[in-house]
Amino acid sequence: ADGPTIQKSSEVAIKNGITLELIFQQIEEIRKTVQIPIILMGYYNQMLQYGVEQFVKKANEVGVDGLIIPDLPLDIYQQEYKTLFEKYDIKMSFLITPQTTDDRVLEIEKESNAFLYVVSSYAITGGKSAIEDYQTEYFERIKNMNLNSPKLIGFGISNAATFSRACQYAEGAIIGSAFIKAIGKSENLKETIKEFVQNIK
């Protein structure tokens, strides 16, 4: 589901020499001054290549609170990794979409002990700039299920209007592509990030 902006950012990161080991080092440094939760988002293959237990153990050691691994199947997590994640106190957030049935939402939400990632649409990331009626109906359906986990809405959340609208139905929203576009053009990251957040809020 990664759109062109997210794909491009991954290419740039790889060209710049990013590795999981470097990310863990950066988080360890960040943890010296930052107390807010840190969630890593990536792909199942990255964990497999690193070694799943080694990965969650290292994540715990440096101060990671949770993971979003969109292509990790729920049943594989339950059968093979749930006890491992609990051992190292790493939370998981799974994704639901407009196509996810109510029964499946309940099953996924039960395993999402950080938050439930509510994918807003059928589109790829960064593919929309407004919230449509079918999305609002979907948000209302999920909200009316009175789930226990906090809900964060992502995909197509790009500005103050879409952020505010999403937060009417959830505890927060996730912005990816719009943020990457903003910092990609920046000559002063500190100011760009500050301005971006202020404009959203």
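Trainee: Which residue does E21 meet in a salt bridge?
Mentor: The side chain of E21 meets that of K58, at 3.9 Å from N to O. A salt bridge here is a side-chain nitrogen of Lys or Arg within 4 Å of a carboxyl oxygen of Asp or Glu. Please note that this is a predicted model, in which local features need pLDDT of at least 70 and side-chain atom pairs count only at pLDDT 80 or more, while totals for chains, interfaces and linings use all residues. Residues are numbered from 1 along each chain as its sequence is written, and side-chain values use heavy atoms, leaving out hydrogens and water.

Trainee: Where do E21 and K58 sit in the chain?
Mentor: E21 belongs to helix 2 (residues 20–30) and K58 to helix 4 (residues 52–62), so the pair links distant parts of the chain, 37 residues apart. Helices (H or I, at least four residues) and strands (E, at least two) are DSSP runs, numbered from the N terminus.

Trainee: And are E21 and K58 buried, partly exposed or exposed?
Mentor: E21 counts as partly exposed because its relative accessibility is 33%. K58 is also partly exposed, with a relative accessible area of 23%. Buried means under 20% relative accessible area and exposed over 50%, with partly exposed in between (1.4 Å probe, protein chains only).

Trainee: How many salt bridges does the structure hold?
Mentor: It holds ten salt bridges. One of them joins the side chains of R31 and D65, at 2.7 Å from N to O. R31 is in the loop between helix 2 and strand 1 (39–41), and D65 is in the loop between helix 4 and strand 2 (66–68), so this pair ties together parts that are 34 residues apart in sequence. D65 is partly exposed, at 30% relative accessibility.

Trainee: What about E107, which residue does that one meet?
Mentor: E107 meets R104 in a salt bridge of 3.3 Å, N to O. Both residues lie in helix 6 (residues 102–111), three residues apart, which is about one turn of the helix. Each is partly exposed: E107 has a relative accessibility of 34%, and R104 has a relative accessible area of 36%.

Trainee: New topic, then. What is the phi of D89?
Mentor: Phi of D89 is near 55°, a positive value in a residue other than glycine. D89 lies in the loop between helix 5 (74–87) and strand 3 (91–92). With a relative accessible area of 48%, D89 is partly exposed.

Trainee: And F155, is it buried or exposed?
Mentor: F155 counts as buried, because its relative accessibility is 11%. F155 also has a positive phi, about 85°, although it is not a glycine. Its place is in the loop between strand 6 and helix 8 (160–167).

Trainee: How many cavities of 30 Å³ or more does a search of the whole structure find?
Mentor: The search finds one. On a 1 Å grid over the protein atoms alone, a cavity is a set of points where a 1.4 Å probe fits but cannot get out, and lining residues have an atom within 4 Å of a point. The largest cavity has a volume of about 40 Å³, where volume is the space filled by probe spheres set on grid points joined across faces, edges and corners.

Trainee: Which residues line the largest cavity?
Mentor: The lining consists of V118, F139, I142, K143, K151, I153, Y169 and A170. Helix 7 (133–143) and strand 6 (151–154) are the elements that give two or more residues to this lining.

Trainee: Which element gives the largest share of that lining?
Mentor: Helix 7 does, with three residues.

Note on methods: On a 1 Å grid over the protein atoms alone, a cavity is a set of points where a 1.4 Å probe fits but cannot get out, and a pocket is an open set with protein on both sides within 12 Å along at least five of seven lines; lining residues have an atom within 4 Å of a point.
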